[in-house]
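Look at the fold shown below before reading on. The paragraphs after it go from the whole chain to its parts.

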Amino acid sequence: MNQIKRCMRCVIPVNLPSVKVDEKGVCQFCKRIDHVLEQSKKQADRNKSEFEEIVRRVKKLAKPYDCLIPLSGGKDSTYVLYLCDKIYNLKCLCVTFDNGYLSDYAKKNIGNAIKATHADHVYYTANSNVLSELYGLFLRKTGNFCPACMRGIEVATQIAYEKYRPPLVIYGGGRKVTYAGLFPEIFQGGDVRFFRNVVKGESVERESRAFLVPWTSRQISKGAREIFKLVKLQNSMVGSYTYYVNIYDYIDASFGKIRQTLEKEMGWRSPEGSFEHMDCRLHDIPAYIHTIKFPELTPTTLYNSHLVRLGLMKREEALLIEEENMQNRQEPRGLELFLQDIAMSRDEFYASIKDWEKMDGFRDKKNEAMRALYRRIAGR
């Protein structure tokens with residue numbers, strides 16, 4: 001434990017490929033969050049006003065649904081529904097992608113949230129055999145099966161959007177809560193190009209065509225709207241575009257109060273001692289995979305490092321948790337059953353997940369470069 005060199009402010013190991021530290025030993029992610037928090041504090045009133053202007057505009061359109069919310073049963077998406085329904089009185093449509101491993105907590109939370117609001121809700125799932133084949137394929141080729149599931153979430157959202165065309169799509173994300181996505185050696189989202197590159201030429205390619213839905217004009221409009229915003233142009237074509245919102249970029253909620261609000265107003269519950277990623281029964285497996293690729297990590301390193309950056313956990317406390325987790329390394333519960341589901345042997349599993357660079361070979365480098373440029377321009 002003492003031999004692991006870490007950021008002097010959070011507890012992220014500095015030998016991760018994407019981590020860079022300054023002369024004081026502080027990582028770039030700590031500096032980033034300082035900038036994000038400073039901006040959020042300065043612009044809090046303006047951000048909230050901008051969101052409320054979006055709400056006013058979408059209500060004025062009088063569509064069957066004002067907004068679409070991808071609802072996982074976790075805290076953030078449930079909080080989005082709480083705000084949209086109970087605070088802003090939006091007519092909400094929620095969509096959930098059932099990856100075959102939704103936790104009982106997630107299912108109950110989704111049911112309770114829908115009962116507590118006026119929202120409508122649809123489930124979307126793919127054929128279980130196709131999903132199992134995709135999970136196995138992604139593990140073998142990329143060392144990570146989460147991108148297949150995350151692609152499913154995006155497709156489910158897009159299918160619901162294409163059918164009902166709500167003027168607002170709203171997610172439980174934001175710069176303030178982003179942490180895993182900062183590490184490309186660990187995280188890959190549900191990008192359609194990445195998915196296409198992985199399944200190309202494979203037997204499951206034809207069966208997974210629904211996952212290969214290309215961008216629509218409405219999705220393209222998301223980028224156009226952001227460009228207009230960056231160059232400070234006013235968009236006069238109200239109703240011609242869809243607003244895509246990450247709620248924590250607009251609403252500066254106190255994380256300490258979110259749980260209390262959700263439990264009281266939405267009937268939300270989570271396992272003992274857990275507040276993060278309790279919606280998927282497989283969550284412990286990708287966290288475990290990270291620790292095989294990078295032995296300096298434990299399943300809690302990324303999340304606790306983020307809490308330290310936000311000032312929600314003391315560095316000393318995080319270090320103690322890391323030490324305890326290092327001393328109690330073990331395979332996650334459910335791994336054996338998951339491997340049976342995807343017809344993969346234990347030896348093949350461990351051989352597949354060792355090389356962290358495999359994932360990078362399937363990325364669209366031009367697209368990644370454009371996204372990086374956009375983030376720099378947007379200050380994200």
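Predicted model: local features only at pLDDT ≥ 70, side-chain atom pairs only at ≥ 80, totals over all residues.

Residues are numbered from 1 along each chain as its sequence is written, and side-chain values use heavy atoms, with hydrogens and water left out.

The protein has 15 helices and five strands. Helices (H or I, at least four residues) and strands (E, at least two) are DSSP runs, numbered from the N terminus. Of the 380 residues, 49% count as buried. Buried means under 20% relative accessible area, exposed means over 50%, and partly exposed lies in between (1.4 Å probe, protein chains only). Contact means heavy atoms within 4.5 Å. Among contacts with a separation of 6 or more, 77% join residues 24 or more positions apart.

In soluble globular proteins, nonpolar side chains tend to be buried together. A nonpolar core is a set of buried Ala, Val, Leu, Ile, Met, Phe, Trp, Tyr and Cys residues joined through side-chain atoms within 4.5 Å. The largest one here has 45 residues, and those with the most contacts inside it are Leu 134, Tyr 135, Leu 139, Phe 338 and Phe 349. At least two residues of this core come from each of strand E2 (92-97) and helices H5 (128-142), H6 (146-164), H7 (192-199), H10 (284-293), H13 (335-341) and H14 (346-353). H5 gives the largest share, seven residues. Leaving aside neighbours within four places in sequence, Tyr 135 is in contact with Asn 99, Tyr 101, Phe 145, Ala 148, Cys 149, Phe 338 and Ile 342. Apart from this core lies another, of 40 residues, among them Ile 54, Val 58, Tyr 243 and Tyr 248.

How many of the ten residues of H10 are buried? Eight are, so H10 is largely enclosed by the rest of the structure. The buried residues of H10 include Ile 285, Tyr 288, His 290 and Lys 293. Their cover includes H5, H6, H13 and H14.

Two packed helices are described by the angle between their axes and the distance between the axes. The axes of H1 (residues 28-42) and H11 (residues 301-310) come within 9 Å and cross at roughly 50 degrees. H1 and H11 are therefore oblique to each other. Angles under 35 degrees count as roughly parallel, over 145 as roughly antiparallel, 65 to 115 as roughly perpendicular and the rest as oblique. Phe 29, Cys 30, Ile 33 and Leu 37 of H1 meet His 306, Arg 309 and Leu 310 of H11.

Some single residues complete the tour. Asp 76 lies in helix H3 (residues 75-87) and is buried, with a relative accessible area of 14%. Leaving aside neighbours within four places in sequence, Asp 76 is in contact with Gly 172 and Tyr 248. Asp 104, in helix H4 (residues 104-116), is exposed, with a relative accessible area of 52%. Pro 299 lies in the loop between H10 and H11 and counts as exposed at 51% relative accessibility. Leaving aside neighbours within four places in sequence, Pro 299 is in contact with Ala 287 and Thr 291.

Note on methods. Axes fitted to C-alpha atoms, helices over the stretch in contact; angles between N-to-C directions.
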